[in-house]
Amino acid sequence: MKIAVLGSGSWGTALGQVLAENGHEVVLWGREDYIADEINQAHTNSHFLPGINLPATIVATTDLKAALDQAAVLLFVLPTKAIRSVARQVASYLSQSDAQPLLVHATKGLEQGTHLRVSQMIEEEIPRQDYQDLVVLSGPSHAEEVARHDLTTVTAACPNLQAAEKVQALFKNHYFRIYTNTDVVGVEMGAALKNIIALGAGVLAGAGYGDNAKAALVTRGLAEISRMGIKLGADPLTFVGLSGVGDLVVTCTSPHSRNWQAGNLLAKGYSKEAIEEEIQMVVEGIATCQSAYELAKESGIEMPITEALYGLIYEGAQVKEGLLRLMTRDGKQEASLSQAHY
């Protein structure tokens, strides 16, 4: 079937590769002509996936209408800040079409200002009668490794399990395995908030701390993620799955992660603007940190790691100072994952 992949960055290109190798007709949409031209002519995307040869069957375009035309599945793989505007354009097209595609998104973030999850943004922009269902695709997955056929497992989440199973069937192959889940809130919150903790992992590495500190951060980071997710209605068990602890581990332990890289630069004294210029790609954790910090304050949720990172990114706090505050907080009792107050 024809699948329109909206987003020609590293993750969109890697997912497009999986789908093309599974025999689907893939049209990759992006805004940059030079990227589309390179994909069509050289079958590479050297800016985002250097050293990877893409299937010659992938077609790239900057014409959104051409990408959407007759597509049975629309896969959003865009930065969080671009989701709403592109969804609005998709809604305009679908309102004049009888296609009613299945929508899937693989974006990990929260909208600034509204603090909405990505699926909520899409639902606000695209009328429900114009699509089959909306599925979230998320999990521990570096684009570079998927493109190299490293073994990868992710989750397809939707309240309608049959829709999640359709996405499972689309993507599943010998190196890319999909599990299904009905907890969209948990999967999206795990995906978004782990980027904040990955920033912290990069900060610790950049400041010279070792494995003990990393283990503490990942464990207590999971507690923060769970606290907020459970408050918003997520199933606690989701956070010990692929989109929770799985995604958290991969982003906190690998220099492949843009968020880890950004945290590492933050520890070396780079400003938010200098980090974005250095990495040259969207670092979702920076914006998500602000959204999560504000949401936590509004909701009365204790998120000390997020608060400390917010101070580093947006208030000019010093790394040693932030870590000292975290380590010398009032004593706490460690509790089970199901206890949202811990």
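**Entry 1: a pair of strands to start from.** I began with Val27, whose bridge partner in β3 is Val59. I then checked the rest of that pairing: β2 and β3 run parallel and are joined by three bridges. I count two strands as paired if DSSP finds at least two bridges between them. Helices (H or I, at least four residues) and strands (E, at least two) are DSSP runs, numbered from the N terminus. I followed the chain from β2 through α2 to β3 and noted a right-handed β-α-β crossover. Right-handed here means that, with the strands pointing away from the viewer, the path from the first strand over the helix to the second runs clockwise.

**Entry 2: ground rules.** A reminder to myself: this is a predicted model, where local features need pLDDT of at least 70 and side-chain atom pairs count only at pLDDT 80 or more, while totals for chains, interfaces and linings use all residues. Residues are numbered from 1 along each chain as its sequence is written, and side-chain values use heavy atoms, with hydrogens and water left out.

Entry 3: I looked at strand β1 (residues 2-6) next, which pairs with β2 in the parallel sense over five bridges. Ile3 has Val26 of β2 as its bridge partner. Together, β1, helix α1 (residues 10-21) and β2 make a right-handed β-α-β unit. I also checked how covered β2 is, and four of its five residues are buried. My cut-offs are under 20% relative accessible area for buried, over 50% for exposed, and partly exposed in between (1.4 Å probe, protein chains only).

Entry 4: In what order do the strands of the open sheet lie? I read off β3-β2-β1-β4-β5-β6-β7-β8, eight strands with mixed pairing. The edges are β3 (59-61) and β8 (176-181), each with a single partner strand, so one side of each has no neighbour in the sheet. From one strand to the next, the twist averages 25 degrees. Helix α2 (residues 33-42) packs on the sheet, where it touches β2 (25-29) and β3, and its direction makes about 160 degrees with that of β3. Helix α8 (residues 184-206) also packs on the sheet, touching β5 (102-105), β6 (134-138), β7 and β8, at about 40 degrees to the direction of β6. Such angles run from 0 to 180 degrees between N-to-C directions, with axes as lines fitted to C-alpha atoms, for helices over the stretch in contact. Contact means heavy atoms within 4.5 Å.

Entry 5: Is β6 enclosed or open? Five of its five residues are buried, so β6 is largely enclosed by the rest of the structure. Leu134, Val136 and Ser138 are buried on one side, and Val135 and Leu137 on the other. β5 and β6 pair in the parallel sense over three bridges, and Leu103 has Leu134 as its bridge partner in β6. The chain gets from β5 to β6 through helix α5 (residues 118-125), in a right-handed β-α-β crossover. On to β7: three bridges join β6 to β7, and these two run antiparallel. Leu137 stands opposite Ala156 in β7.

Trp11 sits in helix α1 and is buried, with a relative accessible area of 14%. Beyond its neighbours within four places in sequence, Trp11 is in contact with Val77, Ala106, Ser141, Ala143, Val146 and Phe176. Arg258 lies in helix α11 (residues 258-267) and is partly exposed at 25%.
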